[in-house]
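Please look at the sequence and the model below.

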Amino acid sequence: MRLPGTERTKDQAMIKRYEECVSCLETRAAHPPTREYIDRLIEGLKASGIDSVWHSAVDHRAVPLFPSKVFPVHHPQADAAIFRELVDRVHALGRTIVCWYPLHLCKGLLSVHPEWRLQYYDFDNGDPAKGDAPQDVICPSTPYRELLPQFLAEVVRELDFDGFWLDGTIYSLHWMTFSPGCKCPGCRGRFKRETGLDLPAAGTVNKKLVTDPTARRWIRWRYDVLMDLWKGCVDAVTAAKPSATVAINNLRHRDMNGWNLGIPLRTLGFDCIMSTET
C-alpha cells in the first residue's frame, strides 16, 4: 500500500513499481554508460525477461556521473543526456529502473569538505577499524543531511529514474571491528545540544550488553540520526517524483552485535521499502 498522493499517472501506469517487480539486474558503474552498453543492456532485458534494473548515476564512491547542480564534484566525462537515453530506453521496454546509491559514502563532497568525514570510534582494544574505504565515509550530522536529499531529488527529477536502492544506510560497515558511531566535532556538538550529554567512551559501547546510561542514550540518539537522514531522503524523492520508490538496505549480514544495525523497532511514518541482504 502506498501513501496518498503517490499514485502513478496514466503514462506511468505501463511501468511496474519497483516493489511489484519479481527480478532485478544489479549494475554499478565507474563511468557514464556508453551507447553500446545501453544496446547490450536492452538486448539482455529482452532476452531474459528481467523486469527491473538497478543502475548507478554515481560511481562506487558516490561521485556523480552526470553534471550535478547539488554536489560540487563530478566525473570528468559526466553526461546527463546518456542517462536520460538509458532510462528512456528501459522505460520503452516497460521495465523499471532505480538508481543505486551508497548513502554512507560521498568522496566528491569530502574532497571539498574534508571536515565532514566521519570519525569512527576505534574499538576492539584500540586497534584501528578496518573498513570499506573509511576515508570516503561522510558524517550524517554535517550539512550532508541537507545536501543528500536534494541530490537524490535531482536524480529522479532530471534523469527520470523510478527511485533509489540506498546502500550503506546503517553506517556499520567495518570488517572485523565494530565501529558504528562518529566522534567528530559535529556529532559531539549535536549530541550535547540534543541530550545535554557528552559522547560515551568507546569502552562503554563496545559490549553486547550495554549498561552505561550515557551509552544507552547514545544508541537511541544514533537511531534518531539515521532516521532523520532516511526520512529526508524519502520525502525529497517522493516530492520530486510521487511515483518513485525508495528501498533502504538496512540489515547487514556480518557478525556484529545486534543493536548496532541502527534499526529501531518503531513505526517510521514514511513511505519506503525495507530491503535486506542474505
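Phe 66, Phe 71, Tyr 101 and Phe 151 make up one aromatic cluster in this predicted model. Across the whole structure, a search finds six aromatic pairs. One of them joins Phe 71 and Phe 151, whose rings are stacked, with 4.2 Å from centre to centre and 5° between the planes. An angle under 30 degrees counts as stacked, so these planes at 5° fall in that class. The two partners come from distant parts of the chain, 80 residues apart: Phe 71 sits in the loop between strand 2 (52-56) and helix 2 (80-92), and Phe 151 sits in helix 4 (residues 144-159). Phe 71 and Phe 151 are both buried.

Phe 83 and Phe 161 form another aromatic pair, this one tilted, at 6.5 Å centre to centre and with 50° between the planes. What does this pair tie together? Phe 83 belongs to helix 2 and Phe 161 to the loop between helix 4 and strand 5 (163-167), so the pair ties together parts of the chain that are 78 residues apart in sequence. Both Phe 83 and Phe 161 are buried.

In soluble globular proteins, nonpolar side chains tend to be buried together. Here the largest nonpolar core has 70 residues, and within it Tyr 101 and Phe 161 touch the most other members. Helix 7 (residues 213-240) supplies the largest share of this core, with 13 residues. Apart from this core lies another one of six residues, including Tyr 18, Val 98, Trp 100 and Ala 247.

Which residues does Phe 161 touch, leaving aside those up to four places away in sequence? Its contacts are His 55, Ala 57, Phe 83, Val 87, Ile 97, Val 98, Cys 99, Val 155, Val 156 and Lys 241. Among them are Phe 83, its partner in the tilted pair, and Val 98, a member of the six-residue core.

Helix 7 also meets helix 5 (residues 185-195). The axes of these two helices come within 11 Å and cross at roughly 105°. Helix 5 and helix 7 are therefore roughly perpendicular to each other, because angles of 65 to 115 degrees count as such. On the helix 5 side, the contact consists of Cys 187, Arg 190, Phe 191, Glu 194 and Thr 195. On the helix 7 side are Thr 214, Arg 217, Trp 218, Trp 221, Val 225 and Asp 228. By class, this contact is made of five nonpolar, two polar and four charged residues.

Note on methods
Residues are numbered from 1 along each chain as its sequence is written. Side-chain values use heavy atoms; hydrogens and water are left out. Rings of Phe, Tyr and Trp (its six-membered ring) pair if their centres lie within 6.5 Å; planes under 30 degrees apart count as stacked, over 60 as edge-to-face and the rest as tilted. Helices (H or I, at least four residues) and strands (E, at least two) are DSSP runs, numbered from the N terminus. Buried means under 20% relative accessible area, exposed over 50%, partly exposed in between (1.4 Å probe, protein chains only). A nonpolar core is a set of buried Ala, Val, Leu, Ile, Met, Phe, Trp, Tyr and Cys residues joined through side-chain atoms within 4.5 Å. Contact means heavy atoms within 4.5 Å. Axes are lines fitted to C-alpha atoms, for helices over the stretch in contact, and angles run from 0 to 180 degrees between N-to-C directions. Angles under 35 degrees count as roughly parallel, over 145 as roughly antiparallel, 65 to 115 as roughly perpendicular and the rest as oblique. Ala, Val, Leu, Ile, Met, Phe, Trp, Tyr, Cys and Pro count as nonpolar, Asp, Glu, Lys and Arg as charged, and the others, Gly among them, as polar.
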